[in-house]
Each structure stands twice: as C-alpha cells, then as structure tokens.
Amino acid sequence: MCIIMLIPTIRKSVPCNLRRIVACVAYRNKMRTKIVRQYETNLLSSWTPNVATCRIYSTESDSEPRVSLPMLVIDVEPFKPSFLIPFNLFFLSFKTIPQIDKEFTMSETFQGIKYAITVISKALANESYDSLEGLVAEDMIEVLRTKITTLSPEQKRLIAINEEDIAFQILSDISVTETDEDHSIQIKSIFHYIPGMAEKKKLESAFTFTDVSKFGDMLVCNYTFTRKYVNNVGGSWIATFVNHYSINVLS
C-alpha cells in the first residue's frame, strides 16, 4: 500500500520537461521498431524470390542436370591397375618382348595408344563404324554398335576424347602370348578424361586436378590393344576391347 501511494508522489517530483522527454524518446523507439519490422518484412518479401532465382540459374549443376554415360560393355569388370605391373613390364621388356619385337618401346607404344583412342572414340561418338575397320576387332564393333544406338545424343558426345581432355592414363596390364605359329603382345590401358577440360582450364587461372569436380563428372575408358606377330613380323595394333563409362555409374 505504501508503494502504491508513493507512485503519484514520485511522478509529481519528476519535472514536467523530463517526463515529456522520456515520453518522446519512448514514442520514437516504438516507431523505429515498427519501421524496422516493416522494412525487414518488405526486404524479405522482395528479395527471397530473387535469391531463389539466383540459386536455380547461377550454377550449371542446378540449371542443367548432368548426363552420365552408362558402360558401353556390360557385365564386365572395370580395369584396375596392379602393383605387379612394373615388375612384369621390366621382365617382359628385357627378356621376352625383344625376342619378338626388337624395336618395341613402351613409351612409343603407349603414345600411339593414346592417339588411337582419340580416333576410335570420335568415330564411335559419330557412329562412323566403317572407319573403325582395321582399328577395332569386328566382334567388338558390333557390341559397341548395339549399345550406342540406345544412347541419347548427349550421351554419345561423352564418348569422344580429345587428347587435351585426358586427365591421366594408367597401364593396367601387359602380357605376351606365344604359340608354335605366332606370338602376340596385349596391352590393357585405363584413361580418365573430362570432355572440354582444355577449354575449362583456360578459364581457370589456377587449375589443379583437385578442381575437376566442379567441371562435371569424370569419365573412364578401358582399352585392350593386341598385336600379333608371325615369323617375328608384327601386324597392326587392334583394339580388341573398348569400354567407356562415367565414373559415377560405378557408385
């Protein structure tokens, strides 16, 4: 009761001007809070659609779904590198292969394989199967033709490889087969590539291999090249196995 009776007394003791100032400040604070809330509401209502629009159209991954290339040859295991390859290659290069082909060198052969896959892959992407005669085994051409006819135009374009698009290459296996009539050398290789990587690297001043994820999914191709020798005379290198696929189809 004493406290309630003191309130009018305290109010009377406060100068009139001071009470007006306090009331004015309180009113201004209330108006500022109201204005800020209205501003925040307007700001959110006007900017949220724009932010959503930028989210949808600012990145390629959001605006255009990535196209994946299924395996051209199904029910086969992807090639994998072996830790025994260096030892196997060393043994074959210094003992077995010179008896079959004295001019054989792994560096020149692998460089030729690298060029061959660019020619073969572009022919497959364009469905120019006649141009593959003498480059790819006939039974392999038929397997690839059957699969490629089921692909979309976007998927077919993913098959083509430019040499500048190759991220790295690996020797998967090398072997020598000997019979009474002939000999053959077989080389299995793995290539990882990104279509258009050369152009994308020009746009990136500090491009590194760890940045490839933002350029789309990487693709892999597995090739087996075989060369037969009769009386130590070698024929042409023939692609006896060809497979292309997006690396994400394995996950």
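Author: Helices (H or I, at least four residues) and strands (E, at least two) are DSSP runs, numbered from the N terminus. This is a predicted model: local features need pLDDT of at least 70, side-chain atom pairs count only at pLDDT 80 or more, and totals for chains, interfaces and linings use all residues. Residues are numbered from 1 along each chain as its sequence is written, and side-chain values use heavy atoms, without hydrogens or water.

Reader: In what order do the elements of the protein run from the N terminus on?

Author: The secondary structure comes to eight helices and five strands. From the N terminus on, the order is α-α-α-α-α-α-α-β-β-α-β-β-β.

Reader: How many bridges join strand 1 to strand 2?

Author: Two strands pair if DSSP finds at least two bridges between them. Strand 1 covers residues 166-178 and strand 2 covers residues 182-193. A hairpin through three residues connects strand 1 to strand 2. They run antiparallel, and the bridges between them number eleven.

Reader: Which residue in strand 2 is the bridge partner of V176?

Author: Strand 1 and strand 2 are joined in the antiparallel sense. In strand 2, V176 has as its bridge partner I185.

Reader: Which residue in strand 3 stands opposite I185?

Author: Strand 2 also pairs with strand 3, antiparallel, over twelve bridges. I185 is the bridge partner of V176. In strand 3, the residue opposite I185 is R227.

Reader: How many residues of strand 3 are buried?

Author: Buried means under 20% relative accessible area, exposed over 50%, partly exposed in between (1.4 Å probe, protein chains only). Strand 3 is largely enclosed by the rest of the structure, because the buried count among its twelve residues is ten.

Reader: What share of the 251 residues of the protein counts as buried?

Author: The count covers the 251 residues of the protein. Strand 3 contributes ten buried residues. For the protein, the buried share is 31%.

Reader: Which residue in the turn between strand 3 and strand 4 has a positive phi?

Author: Strand 4 holds residues 233-234 and runs antiparallel to strand 3, with two bridges joining them. V230 stands opposite V233 in strand 4. The hairpin leaves two residues between the strands. In its turn, the residue with a positive phi, about 55 degrees, is N231.

Reader: Is H244 buried or exposed?

Author: H244 sits in strand 5, residues 238-246. Its relative accessible area is 0%, so H244 is buried.

Reader: With which residue does the side chain of H244 make a polar contact of 2.8 Å?

Author: A polar contact is a pair of N or O atoms within 3.5 Å; within protein, one must be able to donate a hydrogen and the other to accept it, and residues adjacent in sequence count only if both atoms are side-chain atoms. For H244, the pair lies between side chains, at 2.8 Å. The partner of H244 is Y223.

Reader: Where is L72 found?

Author: Contact means heavy atoms within 4.5 Å. H244 touches L72 as well as L69, P70 and M71, among others. L72 counts as buried at 2% relative accessibility. It lies in the loop between helix 3 and helix 4.

Reader: How far apart in space are L72 and N243, C-alpha to C-alpha?

Author: Among the contacts of L72, leaving aside neighbours within four places in sequence, are L144, K147, I148, N243 and H244. L72 and N243 are 171 residues apart in sequence. In space, C-alpha to C-alpha, they are apart by 5.4 Å.

Reader: What distance in space lies between P78 and H244, C-alpha to C-alpha?

Author: P78 lies in the loop between helix 3 (60-63) and helix 4 (85-100). P78 is buried, with a relative accessible area of 18%. Not counting residues up to four places away in sequence, it touches M71, N222, Y245 and L250. P78 and H244 are 166 residues apart in sequence, and their C-alpha distance is 9.7 Å.

Reader: Among contacts between residues at least 6 apart in sequence, what percentage joins residues at least 24 apart?

Author: The contact between L72 and H244 is one example to keep in mind. Over the protein, counting contacts between residues at least 6 apart, the part that joins residues at least 24 apart is 73%.
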